[in-house]
Amino acid sequence: MATDADGQERTLWQIHDERLIDDTRRLRLSIASVELPDGVTFEQWVLRIPKAAVMAVLDDQDRVLMLWRHRFIIDRWVWELPGGYVNPDEDPAVTAAREVEEETGWRPLDIEPLGSLQPMVGSADAENLLYVARKSEYVGAPQDINEAERVAWLPLDTVRDRITNGEILGAASQVALLHVLAFHR
């Protein structure tokens, strides 16, 4: 990190004020008054979203458990890994496991953290915590019928093509799957 003779960070942006626009259970929207190191000032919209936990569930046949769902905001059908918002009093790994079971009917086992990502660091704080489970057990039909049109085990060797073809668009799903392909096979 670059610092000046006094040890100050030269490229640190200063936030002078942040005005709240809206605050709900799932979103905090504000406008920040920002000053750049060269003295230029501007206003920036800032979005803060609760943490989410996402899990790649693998089986012994080199497949991953995924959801085929419609995302109305982009009006697209896409494949996604199961996941959801982390409750304030809940361990994120527990959240990820609970979401997998509710959305797919499969209970993940042997859970490991993969890392985290921030999909829009320039304008949003929306941390996604990523996990992988190497085993699972079927416990019944999905509890939440609103989550997916279809639940399926997809061959891992089709993931790259599905990303290229726009079938897997979500940042958390892409990062977790590419991490699995690169380091966990």
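Mentor: Two strands pair if DSSP finds at least two bridges between them, and strands are DSSP runs of E, at least two residues, numbered from the N terminus. This is a predicted model, where local features need pLDDT of at least 70, side-chain atom pairs count only at pLDDT 80 or more, and totals for chains, interfaces and linings use all residues. Residues are numbered from 1 along each chain as its sequence is written, and side-chain values use heavy atoms, with hydrogens and water left out.

Trainee: Why are β1 and β9 called edge strands?

Mentor: They belong to an open sheet of 4 strands, ordered β1-β2-β3-β9, with mixed pairing. β1 (14–24) and β9 (124–125) each pair on one side only.

Trainee: Which strands does β4 pair with?

Mentor: One is β7 (residues 83–85), antiparallel, through 3 bridges; there Val54 stands opposite Gly83. Another is β10 (residues 128–138), parallel, over 6 bridges; there Ala56 stands opposite Val132.

Trainee: What makes β4 largely enclosed?

Mentor: Buried means under 20% relative accessible area (1.4 Å probe, protein chains only). In β4 (residues 52–57), 6 of the 6 residues are buried, so the rest of the structure largely encloses this strand.

Trainee: Which residues cover the two faces of β4?

Mentor: In a regular strand the side chains alternate between the two faces of the sheet. Ala52, Val54 and Ala56 lie on one side of β4, with Ala53, Met55 and Val57 on the other, and all are buried.

Methods:
Buried means under 20% relative accessible area, exposed over 50%, partly exposed in between (1.4 Å probe, protein chains only).
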